[in-house]
Amino acid sequence: MNKQSLKERLAHYKNSPVSLILLILVLICAALTVITLIFIVIYILIRGIPHLSLSLFSPTYNSDNVSMLPAIINTFIMTLISLIIAVPLGIFSAIYLVEYAKRGNKLVGIIRMTTETLSGIPSIVYGLFGFLFFLTTLKLGYSILSGALTLAIMILPLIMRTTEEALKSVPDSYREGSFGLGAGKLRTVFRIVLPPAIPGILSGIILATGRICGETAALIFTAGTGTKIALNLMSSGRTLAVHMYNLSSEGLHIDECYATAVVLLALVAVINSISGLLAKKLSKG
């Protein structure tokens, strides 16, 4: 691969000032994005780390310790159940759209338009839907199950679209070679197409996990704001993001709110790191 030297690049930009302007704009936008992200992270760490204490990790919540441990456990439970519901549905739906549905099928176009529309709906709308359907109609009450079902519907379009794009990125020559060797459609999909697409699928799952961990509006209307650890799926329980929102809205424990934000930030970073390492190992394998 040929690489241009700095002198050659400068000569190119001298002859094409528009390209130079676009390059400068891109660099400025990238720098502003990175600086903003770093500023937010540093601000949260500075405000939150000094207020981390053992009382914030007590087994039970009360007005004195405002413990976040029940919320942390509820967050893991909510994330796990939501992914168990949404991931298989999203992946298999994408497999059907890419591998089995006929190209130019009107139904496929409607499904894709619907998923793109659902991706842009505000989370408060999902929360109202979950409240009206799961709580009012199905009588599930404020529970982990109601919240998980609502979040599963919310992240389903994201998983479908990322999986679909990951499957499309696999060259058709892989499929043709597999068919030429006598493999069937199902074997080709699961043994030939899916392995190279796993990193892209995992990236969608990582984004979905981050959205679950940071969601508040939808869960307030469905899972409630219970302060105890959810002992079963029908128990009400707040996640870490809802816990942080309640502390900030009350205005009595702002320092503990920043400490909760630090833990939430660390939790999302750990999940993303683990998923990234897993994606690298699977892609190498």
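The bend at a residue is the angle between axes fitted to the seven residues ending there and the seven starting there. In this predicted model, helix 3 shows a kink of about 30° by that criterion, centred on Leu-83. Helix 3 runs over residues 69-100, and its 32 residues reach 45 Å from the first C-alpha to the last, close to the 46 Å expected at 1.5 Å a residue.

Together with helix 6 (144-168), helix 8 (185-214) and helix 9, helix 3 supplies at least two residues of the largest nonpolar core. That core has 33 residues, and those with the most contacts inside it are Met-78, Ile-155, Ile-159, Leu-167 and Ile-201. Leu-167, leaving aside its neighbours within four places in sequence, is in contact with Ala-94, Ile-95, Val-98, Glu-99, Arg-175, Val-193, Leu-194 and Ala-197. Another core, of 14 residues, lies apart from the largest one; Val-66, Ile-72, Leu-240 and Leu-264 are among its members.

The structure holds 7 salt bridges, and a network of them joins Arg-112, Glu-116, Arg-161, Glu-164, Glu-165 and Lys-168. Because Glu-164 lies in helix 6 and Arg-112 in helix 4 (residues 106-119), the pair ties together parts that are 52 residues apart in sequence. Glu-164 is buried, at 1% relative accessible area, whereas Arg-112 is partly exposed, at 23%. Glu-164 also meets Arg-161 in a salt bridge of 3.1 Å, N to O; these two residues both lie in helix 6, 3 residues apart, about one turn of the helix. A further salt bridge joins Glu-164 to Lys-168, with 3.7 Å between the closest N and O atoms. Glu-164 and Lys-168 are 4 residues apart in helix 6, so about one helical turn separates them. Lys-168 is partly exposed, with 43% relative accessibility.

A loop residue provides a contact across the sequence. Ile-229 is found in the loop between helix 9 (217-222) and helix 10 (240-250) and is partly exposed, with a relative accessible area of 28%. Ile-229 and Ala-71 are 158 residues apart in sequence, yet 7.1 Å apart in space, C-alpha to C-alpha. Beyond its neighbours within four places in sequence, Ile-229 is in contact with Pro-59, Pro-70, Ile-73 and Asn-74.

The cysteines remain to be considered. With a disulfide taken as a pair of cysteine sulfur atoms within 2.5 Å, the count comes to 0 disulfides. Cys-213 is in no disulfide, because its nearest cysteine sulfur, that of Cys-257, is 16 Å away, beyond the 2.5 Å limit. Cys-213 is buried, at 1% relative accessibility, while Cys-29 is partly exposed, at 47%.

Terms used. Residues are numbered from 1 along each chain as its sequence is written. This is a predicted model: local features need pLDDT of at least 70, side-chain atom pairs count only at pLDDT 80 or more; totals for chains, interfaces and linings use all residues. Side-chain values use heavy atoms; hydrogens and water are left out. The expected span of a helix is 1.5 Å times one less than its number of residues. Buried means under 20% relative accessible area, exposed over 50%, partly exposed in between (1.4 Å probe, protein chains only). Contact means heavy atoms within 4.5 Å. A nonpolar core is a set of buried Ala, Val, Leu, Ile, Met, Phe, Trp, Tyr and Cys residues joined through side-chain atoms within 4.5 Å. A salt bridge is a side-chain nitrogen of Lys or Arg within 4 Å of a carboxyl oxygen of Asp or Glu.
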